[in-house]
Each structure stands twice: as structure tokens, then as C-alpha cells.
Amino acid sequence: MPKSTPITLHGKLYFHLDSARKLWGGGRSAKERFTQAFKGKIDPYVEVFSGAQRILKTHVIDNDENPSWDLKVDVDIVSTAKTIDFKVLNRGGKSLGICVIECTELETKKEIKGWIKLVGQEKVKDDKERGELKVD
């Protein structure tokens, strides 16, 4: 996770949460592959956070490793944070991965778009394939 200084975000935050792909990826453990095969599906959704403040929760898409939300978001935001976190979760709250955008990138008005690789949680250091999230 980034170790940048918190920035106060105040104003409008615009983004397009398009879709995700390959959410289970090829790097799963044998236990995870067995569990997923037994359950037979993945029901993803996304929660977006600015610091501890949740600014968006999508609807759940049933049984889809390549879901499409196609959400255009325009939200008023007042928050002090280091990052904007896009957390991809399975129904029930199990984390599938996280995409982290540093607020310093937003402060410089850098355009962030395209496929962004999902990684594990902050305290979990692994190199598993978790898929990607498309954000514009």
C-alpha cells in the first residue's frame, strides 16, 4: 500500500466503473480452486472508499467472473485520504482483490483509465492472479 501523505479531497469525483475480468485468475491455491468448483459460482460487487468513507457500493452480479457494471459516478466528496480504494468482493463479503489509486494522482488531475490489476489486501503479501478492474 502507498505511504503517501493524506490529501483533503473536496469537490466532485467523477469516474466510470466499467467492468472486471478474470476475477479468479490462475493463481489460486488448490483449496481455493476446490472450494470454488464446489460452490460453482462467483457473485462479485465493488465497494469504493475514500479513506474510511464508503462512497459507492455496486449491485451484485450473479455467477460472473467477468462482470460489467457500466456505472458512471458523479459524487460530491469531502474526505481526507491517502487513497481511493476499489474493493472487489464476492457475495458474503470475501475479498477478491483491491485496486488502489493514490490521491496524489487525483490532485495532479492525472487521468486514470484502463485495466488496473487487482492485488491482495494490505497485510496479505502474495502474487496471486486476482483479475483486473476497468476504471475510466
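Lys12 stands opposite Asp76 of strand β4, and the strand pair behind this contact is β1 (residues 7–21) with β4, antiparallel over 12 bridges. Strands here are DSSP runs of E with at least two residues, numbered from the N terminus, and two of them pair if DSSP finds at least two bridges between them. This is a predicted model, in which local features need pLDDT of at least 70 and side-chain atom pairs count only at pLDDT 80 or more, while totals for chains, interfaces and linings use all residues. Residues are numbered from 1 along each chain as its sequence is written, and side-chain values use heavy atoms, with hydrogens and water left out.

**The open sheet**
- Four strands form an open sheet in the order β4-β1-β8-β7, with antiparallel pairing.
- At its edges lie β4 (68–81) and β7 (114–117), each pairing on one side only.
- On average, neighbouring strands of this sheet are turned by 40 degrees against each other, direction ignored; the axes behind such angles are lines fitted to C-alpha atoms, and angles run from 0 to 180 degrees between N-to-C directions.

**Strand β5 and its partners**
- Strand β5 (residues 83–90) is largely enclosed by the rest of the structure, because 7 of its 8 residues are buried (under 20% relative accessible area with a 1.4 Å probe, protein chains only).
- With β2 (residues 44–50), β5 pairs in the antiparallel sense over 7 bridges, and Phe49 stands opposite Asp85 in β5.
- With β6 (residues 95–102), β5 also pairs in the antiparallel sense over 7 bridges; here Lys87 has Ile98 of β6 as its bridge partner.

**The β5–β6 hairpin**
- This hairpin has 4 residues between the strands, and Gly92 takes a positive phi near 100 degrees.

How values were computed: Buried < 20%, exposed > 50% of the residue type's maximum accessible area, 1.4 Å probe, protein only.
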